[in-house]
Amino acid sequence: MKSAEVVRACVVAGLLSVLAAPPEPARAQASPPAESPAARDARMEWWREARFGMFIHWGLYAIPAGQWGGTRAGGTGEWILTNAKIPVEAYEPLRDRFNPVLFDADAWVRAAKRAGMKYIVITTKHHDGFALFDSAGTDWDIGATPFKRDVLKELAAACEREGVRLGFYYSIMDWHHPDYLPRRGWESRSADGADLDRYVGYMKGQLRELLTNYGQVGVLWFDGEWESTWTSERGKDLDAFVRSLQPSILVNNRVDKGRNDMAGLNRAGEWAGDFGTPEQEVPRTGLPGVDWESCMTMNDTWGYRSDDQNWKSSAELIRTLVDVASKGGNYLLNVGPTADGLIPEASLSRMADIARWMDVHAESIYATSAGPFKKLSWGRCTAKPGVLYLHVFDWPEGGLLRVPGLSNAPAGDATLLGSEAALPVRRVDDDLVIELPATPPDAPAPMPVRVVRLPIAGEPEVTVVLPRADAEGVIDLRPEDADITGSHLRYESKYGGSLGFWTNPEDAASWTFDAQPGQYWVSIEVSCTPEFAGSEFVVELGGTSFTGVVPSTGAWGTFTVVRTESILLEDGGPTTITVRPGGEFRGALMNLRAVRLTWAPGEVHEPFPVR
Ligand code: H79
């Protein structure tokens, strides 16, 4: 789309409607069932304002640190028992070697607080079942190690001193407890006599300890809920149990069975839990009315691995924090301390960089909500009543920052955080243009994101510019701009960006464009493996629909263009095109990389050249 030719289709709306209806799978949480919305808001308030927390994965697995029997085990460090197929009796002796004498709860909590993390969530028991606290119900716990000290007691005291909230991760799946089912397929331990109800009693005993002996717990962060033995009924019961002990606690959605894989938000339905838990990913857009927290690692492991040096840069971590906040979520950033009790230096140095960025920019993160823009070419936006924070990732040409479609008048000086100087702001058509310095001003620390504070009058109002035909009559609709409904379909950055996981025949992708009357040809760029090829798809446009059959392209990463018939649109204006499965469905529809509309004014019957 060339800007000189852009004629704008305007949809002026307030904050919520601009962000569009949430996709189907993202459901507001509904537990506890009797709670009023106001009571829920009050309970969630500290967490929604915090926006940034520290995850800690620490346990016996820090000792092997990713190596077993002299060889490198695959996967993440905390999964070594299963990844290296270690018999429980060969793993248990790690307990006698756990002696992290350099552990210093105050140092951990201060490092988190300095980085701007308002809460900490620590693994009290990971999948290996080992309790990082002194648990009366078992000697598979820290009390039975040479170290003996109750790490959680010390952390709870340090958090109390520093004003940081403490939360507890607790794995439902337990590879060690004899009553937990199912057994790993490769294990020799018999499952005879195992009793999952007894295991649930054991869990409740430990949770009672966790919720009684360590003061107010901010969050109960369940995990390992996906095996078939864990049912929604058990999940709702466990959720109620936790809340009966600490009514103001927050519980994540992994207590129940609603989670939609790693995307982490709930599928349609009534599920227990207060917030969704995307893992190692950030949702593509904001999700109005849905609370969520993306948990992520700084390298490729949660629990410490001595050989993992694949660290993300501080700049990437800061940009991810901003990205998450701009979509209304929380960022739970992981550290995996060593068996000596130290947070790795590479993690600390990144947290120190984040701290220096937060010194200047914290107000653009805490207590903000998602910004009103669906997408900004140069960065992200967070919002507070009466203020927008424009997070500049890519410094604009000549310093002219275009804020697309913002109709509000400025209500005070725009400034760069960290500077007092007022930045000139003017209106150009539907946009506000802010004059930044031509190049980013020097800063005492690396600043991968600069932030403009823009006071505005009233609720943000944004004019959405819909895609429109370019000079050659072409409208390209991108997968990342699709409005998705359903449960599984989602944008993937693989293969140059495409829509994938189209495994539910109810899932659909649509785009709204600014149509001019005339004839349109539709072509879509798709991939599909031979085993799934042959499903039928439907394209709906302007009250007409076509069907087509998905061809095999040999591999998900190999795409081909499929053209459909042309249709005549007699009316112009905002028009929606939808692609969905229809008729024959072979388990996965296709990956969809592009939708191209080719427009010609009037009624044309010639086939169009494909560009
Ligand atoms: O504690 C860290 C990891 O050890 C743990 N969660 C984070 C916070 C984790 N467990 N599993 N995984 C990460 C990846 C495993 C994912 C799968 Fe699945 C389990 C794939 C199939 C079963 C998730 C649940 C996706 C589908 C169902």
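A polar contact here means a pair of N or O atoms within 3.5 Å. Keep in mind that this is a predicted model.

Start with Glu-78. An N or O atom in the Glu-78 side chain sits 2.5 Å from an oxygen atom of the ligand. Next, Trp-79. Its side chain places an N or O atom 3.0 Å from a ligand oxygen atom. Then Glu-279. Here a polar side-chain atom is 3.1 Å from a nitrogen atom of the ligand.

Now the whole shell. How many residues surround the ligand? There are 15, and the closest are His-57, Glu-78, His-126, Asp-223 and Glu-279. What is the shell made of? Six of its residues are nonpolar, three are polar and six are charged.

On to the backbone. The peptide bond between Leu-181 and Pro-182 is cis, and its omega is near 0°. Pro-182 belongs to the loop that runs between β6 (165-171) and α7 (196-210).

Two aspartates come next. Asp-261 is not a glycine, yet its phi is positive, about 50°. You'll find Asp-261 in the loop between β8 (250-251) and β9 (293-296). Asp-261 is partly exposed, at a relative accessible area of 45%.

Asp-429 also has a positive phi, near 55°, and is a residue other than glycine. Look for Asp-429 in the loop between β17 (425-428) and β18 (431-435). Is Asp-429 buried or exposed? Exposed: the relative accessible area of Asp-429 is 59%.

That's my tour. Over to you.

Note on methods. Residues are numbered from 1 along each chain as its sequence is written. This is a predicted model: local features need pLDDT of at least 70, side-chain atom pairs count only at pLDDT 80 or more; totals for chains, interfaces and linings use all residues. Side-chain values use heavy atoms; hydrogens and water are left out. A residue is near a molecule or strand if one of its heavy atoms lies within 4 Å of it. A polar contact is a pair of N or O atoms within 3.5 Å; within protein, one must be able to donate a hydrogen and the other to accept it, and residues adjacent in sequence count only if both atoms are side-chain atoms. Ala, Val, Leu, Ile, Met, Phe, Trp, Tyr, Cys and Pro count as nonpolar, Asp, Glu, Lys and Arg as charged, and the others, Gly among them, as polar. Helices (H or I, at least four residues) and strands (E, at least two) are DSSP runs, numbered from the N terminus. Buried means under 20% relative accessible area, exposed over 50%, partly exposed in between (1.4 Å probe, protein chains only).
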